[in-house]
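Hi,

Here is the structure I promised to pass on. Have a look at it first, and then read on for what turned up.

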Amino acid sequence: FGILLSTLWLPALLGAQALPTGEFVIDTIPRYRGAAAYYPSVGANGSEFVVAWGGMFRTPARVVKVTVGGTLVDTAGVAVGDVRAAPMAFDGAGFLVVWHSGSTGSRDVWAARLRADGSVVDPTGFVVSGASGDQQDPTVAFDGTQFVVVWQDKRAGGWDIYAAHVSSAGTVLDPGGIAVCTDPAEQGVPC
């Protein structure tokens, strides 16, 4: 499996098939036990795109740069973390990529900063939320001053939505998280 910039899946055995106009292959790295590349996200720094995606079976997320003309700048990419998805946001100087990982037992929300050129500032990442219970499926935006990370959170037993602000310097400004919605009904994945 692999990733196309404009679609999620690409069969591993392309053979002589031509790609539809405007599409190009970003990733064809063989995956463990057939695990595929999942949940691509893309950010722009004004002159290039940075594309990130996750995998299954503890496959590291990858980040690559692509020119506006569609040329893959770094074919090997950079590993970011043990993730399934890697949403990102750009603050004008760099990116924040977020994911959840179960590497510590329960699922926690993690992040890493990337420079505008796509190089990784935080190679091991940092915890945004490590509260009790599981935290999963984060997403991120930049509000003009700081990043806002939002995720599904099970610290109180049912699924709620929590958020935290993260500075461009990588400081989690709300380490306990901010309860966004704790309605008795289960809360879905934020998007």
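One definition before the details: two strands count as paired if DSSP finds at least two bridges between them. Also keep in mind that this is a predicted model.

With that in hand, take the sheet whose strands run in the order S7-S8-S9-S10: an open sheet of four strands, with antiparallel pairing. Its edges are strand S7 (88-90) and S10; each has a single partner strand, so one side of each is left without a neighbour in the sheet. From one strand to the next, the twist averages 30°. S7 and S8 are joined by three bridges in the antiparallel sense, and Met-88 sits opposite Val-97 in S8.

There is another open sheet of four strands, ordered S11-S12-S13-S14 and with antiparallel pairing. Here strand S11 (135-142) and strand S14 (178-181) are at the edges, and since each has a single partner strand, one side of each lacks a neighbour in the sheet. Neighbouring strands are turned by 30° against each other on average, ignoring direction. S11 pairs with S12 over six antiparallel bridges; Thr-139, for instance, has Val-150 in S12 as its bridge partner.

Of the 191 residues, 45% are buried. Among contacts with a separation of 6 or more, 37% are between residues 24 or more positions apart. The chain exposes about 9000 Å², with carbon and sulfur atoms supplying 58% of that.

Now the packing. The largest nonpolar core has 15 residues, and those with the most contacts inside it are Leu-96, Phe-126, Val-128, Val-140, Val-149, Trp-151 and Val-166. At least two residues of this core come from each of strand S8 (94-101), strand S9 (108-115), strand S10 (126-129), strand S12 (147-153) and strand S13 (160-166). A second, separate core has 12 residues, including Met-88, Phe-95, Trp-99 and Leu-114.

What does Val-140 touch, leaving aside its neighbours within four places in sequence? Its contacts are Pro-87, Met-88, Ala-89, Leu-96, Val-98, Phe-147, Val-148 and Val-149. Of those, Leu-96 and Val-149 are also listed with the most contacts inside the largest core, while Met-88 belongs to the second one.

Cheers

Definitions and conventions
Residues numbered from 1 in each chain as written. Predicted model: local features only at pLDDT ≥ 70, side-chain atom pairs only at ≥ 80, totals over all residues. Heavy atoms only, no water. Buried < 20%, exposed > 50% of the residue type's maximum accessible area, 1.4 Å probe, protein only. Contact = heavy atoms within 4.5 Å. Areas by Shrake-Rupley, 256 points an atom, 1.4 Å probe, with all protein chains shown as cover. Core = buried A, V, L, I, M, F, W, Y, C linked by side-chain atoms within 4.5 Å. Axes fitted to C-alpha atoms, helices over the stretch in contact; angles between N-to-C directions.
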